[in-house]
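Dear colleague,

I am passing on the structure below, followed by some notes on what was found in it. Please read them alongside the coordinates.

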Amino acid sequence: MQRPDIRLQKIQLYADLIFFLLFFPLVITLVPVDRWLVYRPMFTIALTVYLLLLYIIYRRINIPRMMLRRRWFAGALCIVAVLLCTWLFVQIFENPDGQLDALHRARNRMRVYSVWFLTLIVTGYSFSNNLLIELFKVSISMQDIEAEKNKAELEMYKAQINPHFLFNTLNTLYGLFLIRSEKAAGAFERFVNLMKYTYRNASRDFIRVSEETEYIGQYVELQSLRLNSCTRVTFIHDITVPDMAVPPMLFVTFVENAFKYGVASEGNAYIEICMRQRGNSLLFTAENSISLREHKGSKKTGIENCRRRLGLLYPDRHRISITDNGTSFRVEVEITSEERVTETKNNE
């Protein structure tokens, strides 16, 4: 994609070429310039040069830019100066009516009207051209501001991921060490791997879907270490295009919520997580039985975080569905991405 300043320069160049090669030759034929070249050659040459210089001056001073910047007096002064120059041009080449017969007076008036008409045409084209270019600049500026805003929001959302993940995982490790579980050493090793993944990829916009799937798998294994036989945990993944680009740590919020509200110390509870890929589409689902209810007034910050990230990264290419029937909670997230991650990973 071309940079905005290069596109703008090309648009200005095309507008100038259209004026000099197409618009101006077409407009000048609206007056009897062929006869003027025979009977009034100096007037014809002077008029052509004046109109071309007028266009160049308009491009340099750019009256619409003055208006958009509220420099009303400077803009009005430029318009008055153009009118004065045109009037002086007419006075220089106009013959006094008293020295001409009726036919020559009519031709003289036609030349005067033609000068003002052509000046008006060149002014209108220049004004319209400059106005469109200025509006294009404003549009580019607004797009840049919106892009920077979206980038800042994404960085804020990604910054919220690390503390959330860290607190939940440390709580799991604390429980294992507290009961002196044999699983504590393996859990700590997985925790180190997850932290390396988190800090390596938190600043990246996209990673391979295979990396994200591995990350979720390790997280599920870590959380499963603290569970008893009352909670059944399954993680199914079917990835056909491993280098498909996805945002890092986008789905782990839903996995965290499943372990937070779907774990039971007695009875039968379940957590089912699935990632399936078909072509450019990726479907993530997380379903859990409800063993613990959220407190009233909970803001569900993690879910809203994911919604906003999806809205920024995939405004028209995502679907999110949340179902709560009182006994189970299900989340479906589907994204469509044609991007691929091609860069090689850095050595650790």
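Arg340 counts as partly exposed because its relative accessibility is 33%, where buried means under 20% relative accessible area, exposed over 50% and partly exposed in between (1.4 Å probe, protein chains only). Asp243, at 27%, is likewise classed as partly exposed. Arg340 forms a salt bridge with Asp243, with 3.8 Å between the closest N and O atoms; the term stands for a side-chain nitrogen of Lys or Arg within 4 Å of a carboxyl oxygen of Asp or Glu. This pair links distant parts of the chain, 97 residues apart, since Arg340 lies in the segment after β7 (328-336) and Asp243 in the loop between β2 (231-238) and β3 (245-246). Strands (E, at least two residues) and helices (H or I, at least four) are DSSP runs, numbered from the N terminus.

The model is predicted, so local features need pLDDT of at least 70 and side-chain atom pairs count only at pLDDT 80 or more, while totals for chains, interfaces and linings use all residues. Residues are numbered from 1 along each chain as its sequence is written, and side-chain values use heavy atoms, with hydrogens and water left out.

The structure holds ten salt bridges in total. In one of them, the side chains of Glu287 and Arg330 meet at 2.8 Å, N to O; Glu287 lies in strand β5 (residues 281-289) and Arg330 in strand β7, so the pair ties together parts that are 43 residues apart in sequence. Glu287 is buried at 17% relative accessibility, whereas Arg330 is partly exposed at 28%. Glu287, Arg319, Arg330, Glu332 and Glu334 are linked in a network of salt bridges.

Best regards
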